[in-house]
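Colleague: Please walk me through what we are about to look at. I will bring my questions one at a time.

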Number of protein chains: 2
Amino acid sequence: MNDKFFDLPKEKQERIINAGFRVFSRNSYKKSPVQQIADEAGISKSLLFFYFKNKKELFLFLMKKVEEITTQALLASKCYEASNIFDMMYLGLQAKVGIMKDYPDITNFSVKAYYDDDPDIRDDVRKIVQPYTQLETNQSIPPLDPKDFKEGIDLRLMYRDMYLASEGYIWQMSQTGVIDVARILQEYKEMIDFWRELYARKENT
Amino acid sequence: MNDKFFDLPKEKQERIINAGFRVFSRNSYKKSPVQQIADEAGISKSLLFFYFKNKKELFLFLMKKVEEITTQALLASKCYEASNIFDMMYLGLQAKVGIMKDYPDITNFSVKAYYDDDPDIRDDVRKIVQPYTQLETNQSIPPLDPKDFKEGIDLRLMYRDMYLASEGYIWQMSQTGVIDVARILQEYKEMIDFWRELYARKENT
DNA sequence: ATGGTATTAACCGATTCGGTCAATGACACA
DNA sequence: TGTGTCATTGACCGAATCGGTTAATACCAT
């Protein structure tokens, strides 16, 4: 790709990136016209081909951009340093909501790209996604110390409950399109506090 | 449309319907080729145009089919007659899983169709979906009697928790594609029993 | 004016699309 | 075997769309 892309004003770069996320998230790779990306970015198709030598390069650039954005945001959120599972989940979702405010279609884009089996891109996508797959805040249960929680709670099911509800949250958000960060975070905080009250052991010395 | 479609063996009808769900769920209406639907259904494009006079008619037929399938399945599940919220949610999800076994792409299809704003179909889609939108097992909280649940539980948040987790469940399912009904229902039953233990008042006379 | 850079309109060959239609296959009955 | 009926298809069409190129233009500092 042409490095002059990075000399563009940040705002224009992001307009192009978001246009790419948006168009590629609505159709498969093959069925996503470069022309439409250019239109939504407010530039000409020729200019897009000036910065990216072809459609594939643009697509893979966006793919890598997803990885960069998410890893950086999760790191900055300090969710990995949280002292308990509730803060951890809140910070994690806070980071994701922040991302989706700046890049509303990034979630749908990455899901779509991941499952696209077009031979033109399939292998390259796998290669980019692979190291990133394991790291992600995942369905795998983090280490939980039973003495932090009320007695008799099945920690496996507790975590599954919270994990699935969070996924449901993000999914709803990615569908409706409207992302009111403040409202969403306040609602999610209610949810987290509800869980904390429900699950956490209080009489902690 | 040509009524002879309904004279076809049920299995062939369903093959065509599922092919339609699948193709239309992966791309927008405009970008979904009729040829591909015919291929996945194992028939010729000409035959598809024999049963449906054009692409739009086929699409709207599928749209109505979604409504028919879901309302009928939810009714048959008797989830509306359940005596408590836990049974109700279980029966509801059981019905949806059953649907997704027979029609793996129906969820993604209906979501995609709902948000497709192609002027060729937009208005007709709204017209079909409208009466169906209100009925659906929704985010709106069903009437819950506080004396059925443990004291101090915020019923609004309790329901939101369960609702979102269920949505998360369905979303995960619709993505992975593999639908192992038995395993999923057993896992969900675990989840429901966990909630019942957590939320329901036990010392019921 | 001049020179360099960012940006575009116009264009191209190839492909794909929705839709049509004449031809073929399958099967029943004579 | 001949014939009629009906389901099904291959081949085709004009129009539209696609990715990508290129020569020309707009912009701006000197």
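Modeller: Helices (H or I, at least four residues) and strands (E, at least two) are DSSP runs, numbered from the N terminus. This is a predicted model, in which local features need pLDDT of at least 70, side-chain atom pairs count only at pLDDT 80 or more, and totals for chains, interfaces and linings use all residues. Residues are numbered from 1 along each chain as its sequence is written, chains are lettered from A and ligands numbered from 1 in the order in which they are written, and side-chain values use heavy atoms, leaving out hydrogens and water.

Colleague: How many helices are there in chain A?

Modeller: From the N terminus on, its elements run α-α-α-α-α-α-α-α-α. The C-alpha trace of chain A spans about 65 × 35 × 30 Å along its principal axes. With 0 strands, the count for chain A is 9 helices.

Colleague: How is H5(B) placed relative to H8(B)?

Modeller: H5(B) covers residues 85-102 and H8(B) residues 155-176; their axes are 12 Å apart, at an angle of about 15°. Angles under 35 degrees count as roughly parallel, over 145 as roughly antiparallel, 65 to 115 as roughly perpendicular and the rest as oblique. The relation of H5(B) to H8(B) is therefore roughly parallel.

Colleague: How many residues of the contact of H5(B) with H8(B) are nonpolar?

Modeller: Contact means heavy atoms within 4.5 Å. On H5(B) the residues include Phe86(B), Leu93(B) and Lys96(B), and they meet residues of H8(B) including Tyr159(B), Tyr163(B) and Ile170(B). Nonpolar covers Ala, Val, Leu, Ile, Met, Phe, Trp, Tyr, Cys and Pro, charged covers Asp, Glu, Lys and Arg, and the others, Gly among them, are polar. Beside 2 polar and 1 charged, the nonpolar count is 12.

Colleague: How does H1(A) sit relative to H4(A)?

Modeller: H1(A) (residues 10-26) and H4(A) (residues 55-76) have axes that come within 10 Å and cross at roughly 105°. That angle makes the arrangement of H1(A) and H4(A) roughly perpendicular.

Colleague: Which residues of H1(A) make the contact with H4(A)?

Modeller: On the H4(A) side, the residues include Leu58(A), Phe59(A), Leu62(A) and Ile69(A). The contact of H1(A) with H4(A) divides into 9 nonpolar, 1 polar and 2 charged residues. The H1(A) side is made by Ile17(A), Gly20(A), Phe21(A) and Phe24(A).

Colleague: At what angle do H1(B) and H6(B) cross?

Modeller: The two are therefore oblique to each other. Their contact involves, among others, Phe21(B) and Arg26(B) of H1(B), and Phe109(B) and Lys112(B) of H6(B). The axes of H1(B) (residues 10-26) and H6(B) (residues 106-115) come within 8 Å and cross at roughly 50°.

Colleague: Which residues come nearest to DNA strand D?

Modeller: A residue is near the strand if one of its heavy atoms lies within 4 Å of it. H3 (45-51) of chain A and H3 (45-51) of chain B each supply at least two residues of that surface, which divides into 7 nonpolar, 5 polar and 5 charged. Of the 17 residues around DNA strand D, the nearest are Lys45(A), Lys55(A), Lys31(B), Ser46(B) and Tyr51(B).

How values were computed
Axes fitted to C-alpha atoms, helices over the stretch in contact; angles between N-to-C directions.
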